[in-house]
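Student: I would like to learn how to read local features and helix packing in a model of this kind. Could we go through some examples together?

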Amino acid sequence: MQTVSENRAFGGTQGVYSHRSASCACDMTFGLYLPPAASDGPVPVLWYLSGLTCTHENAMTKAGAQTWAAETGIALFFPDTSPRGEDVADDDAYDLGQGAGFYVNATEAPWAPHFNMWDYIAADLPALLADHFPIDLERQAITGHSMGGHGALTLAMAHPGRFRSVSAFAPIANPTASDWGRKQLSAYLGDDEARWTKHDSTLQMTAVGFDGPVLIDQGGADQFLDLLRPEALAHAIAARRQRAQVNIRAGYDHSYFFVSTFMEHHVAFHAEALYA
């Protein structure tokens, strides 16, 4: 692992690091904020998964999460959204290929050699955190925005007991029924739709639910509302009687202005679960 940069922030350290990923078979970069409390021992961690076109840097610089993480003593982990490099497959469209890994393990050409973001998040990075940083892996929570909200919800439901809480900002909530999903899932996983179901948070909420609290914030003026399908996830939550908050924030769009406005609320929500 190589240190790309480290900067003092709110009494803690905002770092950027690169490493070789076994799952993605390429070099990957991530951001990690360690709060002041990390100097005294291991701290809880909140994962933040970003959306289409993003890197590790978008939420790290735009979400305003560090100030609230410093106050609550929580580390923030910002992975990249896809494998990258000259030898990594890509597509001219913004919503497929590099920057659009969709947090799945690809089985189809040309994506399969590198696009294994599910294993990267679920296996590679927890091992790296345990080896190199003062992180308490018994106290993890996860959140994300858009494509990252999709990833956060599906990963949390697929790994019961790992995350104490899960939240999402404007998640792609029902990708098997949306153009933001069917295109990518068919490209990465093939045409057998049975293989898509574990990557659809609405279907997984119906099938298994989550063993902790859930928080969803959705902008009411989101320009991508029809692609996100928050109503499908809300119906599944209600039918399951899942412990959850689902908020439609009137007037807010899909941007990081929306995310940063409600970030304090999300960090506080996760802090309550992580310190319970």
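Student: Is N174 buried or exposed, and what is its relative accessible area?

Tutor: Please keep in mind throughout that this is a predicted model. Burial is read from the relative accessible area, with under 20% counting as buried; N174 has a value of 6% and is therefore buried. The residue is placed in the loop between β7 (163-169) and α5 (179-189).

Student: Which residues is N174 in contact with, leaving aside its neighbours within four places in sequence?

Tutor: The contacts of N174 are D200, T202, L228, R229 and A232. With one of these, R229, the side chain of N174 also forms a side-chain to side-chain polar contact of 2.8 Å.

Student: How should I read the packing of two helices?

Tutor: Two packed helices are described by the angle between their axes together with the distance between those axes. Here, α2 and helix α9 (residues 256-274) pack at an angle of about 30 degrees, and their axes are 9 Å apart. Because angles under 35 degrees count as roughly parallel, α2 is roughly parallel to α9. As for handedness, the crossing of α2 past α9 is right-handed.

Student: Which residues of α2 and α9 meet?

Tutor: On the α2 side they are A65, W68, A69 and T72, and on the α9 side M263, E264, V267 and A271. Sorted by class, the residues of this contact between α2 and α9 comprise six nonpolar, one polar and one charged.

Student: At what angle do α3 and α4 pack, and how far apart are their axes?

Tutor: Helix α3 (residues 117-132) and helix α4 (residues 147-158) pack at an angle of about 55 degrees, with 12 Å between their axes, and the two are therefore oblique to each other. Their crossing is right-handed. The residues that make the contact are W118, I121 and A122 from α3, with T154, L155 and A158 from α4; by class, the contact of α3 with α4 has five nonpolar residues, one polar and no charged ones.

Student: Turning to the backbone, which peptide bond is cis, with omega near 0 degrees?

Tutor: The bond from A109 to P110 is cis, its omega being near 0 degrees. P110 is located in the loop between β5 (75-78) and α3.

Student: What is phi of F102, and what is phi of R241?

Tutor: For F102, phi is near 60 degrees, which is a positive value in a residue other than glycine; R241, likewise not a glycine, has a positive phi near 60 degrees. F102 sits in the loop between β5 and α3, and its relative accessibility of 0% means that F102 counts as buried. R241, by contrast, is found in the loop between α8 (230-240) and β9 (244-249), and is exposed, with a relative accessible area of 77%.

Conventions: Residues are numbered from 1 along each chain as its sequence is written. This is a predicted model: local features need pLDDT of at least 70, side-chain atom pairs count only at pLDDT 80 or more; totals for chains, interfaces and linings use all residues. Side-chain values use heavy atoms; hydrogens and water are left out. Helices (H or I, at least four residues) and strands (E, at least two) are DSSP runs, numbered from the N terminus. Buried means under 20% relative accessible area, exposed over 50%, partly exposed in between (1.4 Å probe, protein chains only). A polar contact is a pair of N or O atoms within 3.5 Å; within protein, one must be able to donate a hydrogen and the other to accept it, and residues adjacent in sequence count only if both atoms are side-chain atoms. Contact means heavy atoms within 4.5 Å. Axes are lines fitted to C-alpha atoms, for helices over the stretch in contact, and angles run from 0 to 180 degrees between N-to-C directions. Angles under 35 degrees count as roughly parallel, over 145 as roughly antiparallel, 65 to 115 as roughly perpendicular and the rest as oblique. A crossing is left-handed if the near helix is turned anticlockwise from the far one by less than a right angle, and right-handed if clockwise. Ala, Val, Leu, Ile, Met, Phe, Trp, Tyr, Cys and Pro count as nonpolar, Asp, Glu, Lys and Arg as charged, and the others, Gly among them, as polar.
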